[in-house]
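Subject: The structure I promised you

Hi,

Here is the structure we talked about, with the sequence alongside. Have a look around first, then read my notes below.

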2 protein chains.
Amino acid sequence: MALVVQKFGGTSVGDIDKIRHVASLARKCKEVGNDVVVVVSAMAGETNKLVDLCTTMMERPDPREYDVVVSTGEQVTIGLLAMALKTMGVEAISLLGSQIAIHTDDVYTKARIQKIDIEKIMKHLKEDRIVIVPGFQGIDTLGNITTLGRGGSDTSAVAVAAALKADACEIYTDVEGIYTTDPNMVVDARKIDRISYDEILEMASQGAKVLQIRSVEFAKKYNVPLHVRSTFTEAEGTWVTKEDKGMEKVVVSGVTCDKNEAKVSILRVPDKPGIAARIFGSIAEANINVDMIIQNISIDGFTDMTFTVPRIDLAQAMDIVNEVCEEIGAKDVVTEDKVAKVAVIGTGMRSHSGVASKMFKALSDEGINIMMISTSEIKVSCVVEKKYAELAVRVLHEAFDLGTETV
Amino acid sequence: MALVVQKFGGTSVGDIDKIRHVASLARKCKEVGNDVVVVVSAMAGETNKLVDLCTTMMERPDPREYDVVVSTGEQVTIGLLAMALKTMGVEAISLLGSQIAIHTDDVYTKARIQKIDIEKIMKHLKEDRIVIVPGFQGIDTLGNITTLGRGGSDTSAVAVAAALKADACEIYTDVEGIYTTDPNMVVDARKIDRISYDEILEMASQGAKVLQIRSVEFAKKYNVPLHVRSTFTEAEGTWVTKEDKGMEKVVVSGVTCDKNEAKVSILRVPDKPGIAARIFGSIAEANINVDMIIQNISIDGFTDMTFTVPRIDLAQAMDIVNEVCEEIGAKDVVTEDKVAKVAVIGTGMRSHSGVASKMFKALSDEGINIMMISTSEIKVSCVVEKKYAELAVRVLHEAFDLGTETV
């Protein structure tokens, strides 16, 4: 008998019938002998509606009261799901973040989970109930309601699974698992059976919408096996686990594409200590995520510096960069937002060489110019012109034999 | 400096602008030097929507989970109201039923308040904040969420006022106070300045939609002065307090009319001990409220018995009555649902005689036949044909000099 945590997002619990379907999945899991804890989001659209109320009332909503309001979305779902199970004759009980309790820090609207008490959950599991837990919400040390920020339900599920030492944390989605690349771009994209936390983290940071980064970090830290699978089929999905021997045999696990970045170049920056810290310190303070940074060799005591930021943050980043440039005496700043970032990711790169060169060759064979390159132990990432994005992905997917036909 | 509890119902907080208006009323009350606690309901329509979700999911919703779901309506309002006050630069904080805590018994969906901790509320009042409390909700001894049943927000407000020993509990409505009778029936109905708990209780039980009976009982028990007033004007409303000398001078305070009752007559009931208990015991067990009961004198060991029940409960009451009648050997049961109950109410009746006879004469002068009569210390109530209801109210309102022109 295993202990399974199941997590269902907003679209999976979007209406009464969908909640009934979720209940049937939980019941099935229980009937084969598992202890089952279900973590759910707010019904699709509900959180947006609550956020709209808040922002209509107050342009920058008071964070404490914002959390009081938006946390109600999940509360509605847990009650309805418990009812759905009861109509099926399955014993179930909902527990709020404050009742469990899910302890967080006191950073309203983006709190971090610190500790989850398991006594109440374990008691109800022992009494043969399915326990239903709201994602996204917790309480701080003073008992104030906190929320974890968008997508926090994945993190809630993994944290609950970690606290309970669950055998698996099932993340239900509308696709059958994690694919070698976006199936909308490459028709023979293949579902991955097994992948490591690190690869998923790289994929997510390269723009693949698979799992919340925070939740994967949590799963990695506490070694919680994740099972990403479909709400609508019974097929096995993708297991995300710690790296094992078998994984290294696969050199490249997937190809990602991120079309939401923009490139910023600062020209003729005085090349002296502290300049990079000055630029990127200011950007980091504004909570803007810089991905790639490239600095050319210095000529005459000046250098050029290029980096990427999410396109939605470009305007804000430019305000900061322009100010800093004036201060440090750089010559000019140019931006380019018609770029895309494609990457190949795989744990096997650690023990196989030649991935980068194979990638560069595949792209150049198609006449795709590489504007920036960045690598990690298990990733090679290139910035290319946006119009080549899909082509680049298809070419790389084929070059590394990732398609269904080749397996 | 006084401590004032203000209560606003669903229509008063029905949208963002209305919540802003409520905030301005709370601020005004605070600015003149009062400590202010605001108790609010869910936004108009929200509770119905939540109830619909529950009943769609489960024909008879699990009561514990029902309370988890429907209590979210008030939670949204308290957060939004706190924000509204903050946008005005007024310090405010919302506290949930579980945070305060408002302790209730564990009868989900119709819990009764047992105790309210005041420490947290007092702390925030001392720190110069307006404290915002959700109506309708509480927690049981195990920390489960409970709700007080429909209209429970009035009770929450009065209970909070009682616990805090507030100087006044203001109940905001869409009318200017409590009237001598329904202004829709009688154009010169007059707003009452001051009335006793007992009179209000009689009015409410006679069908006047003024205040929740439970909340008035609570106010009477703890001697909380209620001030029923309008959300839309600054005029003084109606004070509901304990009886004082002045009140006795007014013989009749108001005339009520209830068109939602039905009359049931059981014919030729064997007149022996225990029969009435048998009939009304069964009806009470079904939670049906019997108002008037009349038993005629016995002839040949048989009697006729007539009583009234709310018309919506008539079908259920008939099922019970038919079964009991067969068992006890009564001859027949006849019902009449085209009836209305009109009543005159006034504390002054205790010390003034002749109210009943004046009432009967006024009705008979208009040719209105009285079908049943019931009296209490401060009320005379008559059942008449429904078509005469409005006429009866106008006649009685005039007979007892209640109109604006006569004062």
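Helices (H or I, at least four residues) and strands (E, at least two) are DSSP runs, numbered from the N terminus. What is the peptide bond from I100(A) to A101(A) like? That bond is cis, with omega near 0 degrees. In chain B, the bond from I100(B) to A101(B) is cis as well, with omega near -5 degrees, and A101(B) is placed in the loop between helix 5 and strand 4 (102–104) of that chain. For background, most residues other than glycine have a negative phi, and most peptide bonds are trans.

Before going on, some housekeeping. This is a predicted model, in which local features need pLDDT of at least 70 and side-chain atom pairs count only at pLDDT 80 or more, while totals for chains, interfaces and linings use all residues. Residues are numbered from 1 along each chain as its sequence is written, and chains are lettered from A and ligands numbered from 1 in the order in which they are written. Chain A averages a pLDDT (the predictor's confidence in each residue, from 0 to 100) of 92, and 99% of the residues score at least 70. For the complex, the predictor gives an ipTM of 0.85 and a pTM of 0.86.

Now the overall picture. Chain A has 14 helices and 20 strands. Its radius of gyration (taken over C-alpha atoms) is 23 Å, close to the 22 Å that the globule rule (2.2 Å times the number of residues to the power 0.38) gives for 407 residues, so chain A is as compact as a globular protein of that length. The C-alpha trace of chain A spans about 75 × 55 × 30 Å along its principal axes. Of its 407 residues, 49% count as buried. A residue is buried if 20 or more other C-beta atoms lie within 10 Å of its own, exposed if 12 or fewer, and partly exposed in between, with C-beta atoms placed from the backbone.

Chain B can be laid on chain A with an RMSD of 0.1 Å by a turn of 180 degrees and a shift of 0.0 Å along the axis. Of the residues of chain B, T72(B) comes closest to the rotation axis, at 2.8 Å (C-alpha).

- H397(B) lies in helix 14 (residues 389–399) of chain B and is buried, with 26 other C-beta atoms within 10 Å. Its C-alpha atom is separated by 6.3 Å from that of V255(B), 142 residues apart along the chain.
- R20(B), in helix 1 (residues 16–31) of chain B, is partly exposed, with 18 other C-beta atoms within 10 Å.
- T109(B) has a positive phi of about 75 degrees although it is not a glycine. T109(B) lies in the loop between strand 4 and strand 5 (113–116) of chain B.
- D401(A), in the segment after helix 14 (389–399) of chain A, has a phi near 55 degrees, again positive in a residue other than glycine.

Cheers

Key:
Least-squares fit on C-alpha atoms with pLDDT ≥ 70 in both.
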